[in-house]
Amino acid sequence: MIHPDVTRTTPENVILRLDSLKHTLVDRDKKQCFTVNVAKPLEFYAGDFIGLLGPSGCGKTTLLSILGLLRKPTDLDYVGRFELYVPSEPKGDARELVDIRDAWARNDVRRIESLRRTQMGFALQSGELVKSLTVNENIQVPLRLNGWRSDDMRERVQDLLGQFSLTRHRDQKPGASETTLSNTLAQSRINRLSGGEYQRVSLARAVSHKPSVVFVDEPTSALNRELAHNALEVLRSLQRERTMPGITFMITHDEELATRFCNLIVRMAPRRGEPEGDVVDVVRTECQPMAENGLENS
Ligand SMILES: Nc1ncnc2c1ncn2[C@@H]1O[C@H](COP(=O)(O)OP(=O)(O)OP(=O)(O)O)[C@@H](O)[C@H]1O
Ligand SMILES: [Mg+2]
């Protein structure tokens with residue numbers, strides 16, 4: 001059974017679109033450059049869980065950084081439509097079109113930054129949790145930046161800690177009685193986390209402010225299979241179970257995870273003999289049956 005509300009490829013469900021792109025990275029010291037090419041239109045619809053795959057160094061993180069408005073495309077003449085649809089009011093389902101290409105062309109950095117802060121969430125390879133803050137405070141960062149009330153913030157963080165299995169006391173034996181927030185992992189500093197805990201906190205932080213688009217770069221590389229499945233399950237349902245479903249864009253080298261969770265696979269490959277990487281394939285499949293995906297039947 002296909003989820004009734006998600007991934008309808010109709011115009012009113014488009015969230016993000018990039019028709020074409022050429023973006024060149026230049027390393028002046030080493031006198032090297034690398035160009036990322038998108039010649040196949042990328043169109044992402046409400047509810048999409050997108051997997052971006054390709055060998056190391058072919059330009060995946062660079063493409064993510066363009067789609068996530070972290071970098072300006074170097075040559076806007078090569079950029080076709082680059083559009084983002086955003087809710088026109090916080091809780092409504094009306095939408096407005098933002099012409100990203102035009103915003104970059106006008107160098108409207110304030111607009112770009114505001115879109116990035118409100119509409120996008122990131123859990124990237126570089127790891128950007130703030131070491132001097134606790135888990136709790138890190139997950140709150142996007143909420144503070146977006147002006148959430150403290151009560152709502154507390155409730156949201158508590159909910160996410162539960163969903164990403166981050167509620168157990170660090171030294172607590174399995175099966176021991178419930179602990180309060182004050183002595184849980186939530187109060188730990190980031191440098192006390194294991195690699196797997198770090199990744200789950202990064203995911204909780206990426207989604208905390210309910211962004212329309214969540215970008216994750218190898219988000220489960222430190223998790224075992226079961227934890228990886230749980231984390232992606234949570235990520236997918238958080239993005240889909242919204243008034244207006246959002247999208248998740250995941251870079252991964254893990255074909256099994258991509259096949260299991262993604263309904264749209266984008267592949268990149270290096271260009272032979274050239275310092276370039278191309279989007280070579282974009283394949284959309286049906287959403288998987290909900291029972292397999294862990295989504296509720298309805
Ligand atoms: N500033 C730069 N100048 C020139 N080339 C760069 C620069 N930064 C990165 N590169 C090169 O651009 C290419 C694409 O890098 P990118 O990080 O996007 O690859 P990736 O597909 O994400 O790789 P991985 O799977 O290893 O994370 C790489 O070959 C990299 O060496
Ligand atoms: Mg990368």
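**Sheets, helices and a pocket**

Modeller: In this predicted model, helix H1 (residues 60-67) lies across E1, E4 and E6, and the helix runs at about 120° to E1.

Colleague: What angle does the direction of H3 make with that of E6?

Modeller: H3 also packs on the sheet, where the strands touched are E6 and E7. The direction of H3 makes with that of E6 an angle of about 55°.

Colleague: Which are the edge strands of the open sheet of 4 strands?

Modeller: The order of this open sheet is E4-E1-E6-E7, with antiparallel pairing. An edge strand pairs on one side only. The edge strands are therefore, with pairing taken as at least two DSSP bridges, the two ends of that order: strand E4 (42-45) and strand E7 (95-99).

Colleague: Which residue in E6 is the bridge partner of Leu16?

Modeller: Strand E1 (residues 14-18) pairs with strand E6 (residues 82-87) in the antiparallel sense, over 3 bridges. In E6, the partner of Leu16 is Leu84.

Colleague: Which residue in E11 is the bridge partner of Gly51?

Modeller: Strand E5 (residues 49-53) and strand E11 (residues 264-270) run parallel and are joined by 4 bridges. The partner of Gly51 in E11 is Ile265.

Colleague: Which elements give two or more residues to the lining of the second largest pocket?

Modeller: This pocket holds about 320 Å³ of space. Of its 15 lining residues, the closest to the centre are Arg116, Arg117, Met120, Phe122 and Leu145. The elements that give two or more residues are helix H3 (109-119), strand E8 (120-123), helix H4 (135-145) and helix H6 (195-207).

Colleague: How many residues of that lining are nonpolar, polar and charged?

Modeller: Arg116 and Arg117, among the residues closest to the pocket centre, count as charged, whereas Met120, Phe122 and Leu145 count as nonpolar. The lining as a whole divides into 8 nonpolar, 3 polar and 4 charged.

Definitions and conventions. Residues are numbered from 1 along each chain as its sequence is written. Chains are lettered from A and ligands numbered from 1 in the order in which they are written. This is a predicted model: local features need pLDDT of at least 70, side-chain atom pairs count only at pLDDT 80 or more; totals for chains, interfaces and linings use all residues. Side-chain values use heavy atoms; hydrogens and water are left out. On a 1 Å grid over the protein atoms alone, a cavity is a set of points where a 1.4 Å probe fits but cannot get out, and a pocket is an open set with protein on both sides within 12 Å along at least five of seven lines; lining residues have an atom within 4 Å of a point. Grid points are joined across faces, edges and corners, and a volume is the space filled by probe spheres set on the points. Contact means heavy atoms within 4.5 Å. Axes are lines fitted to C-alpha atoms, for helices over the stretch in contact, and angles run from 0 to 180 degrees between N-to-C directions.
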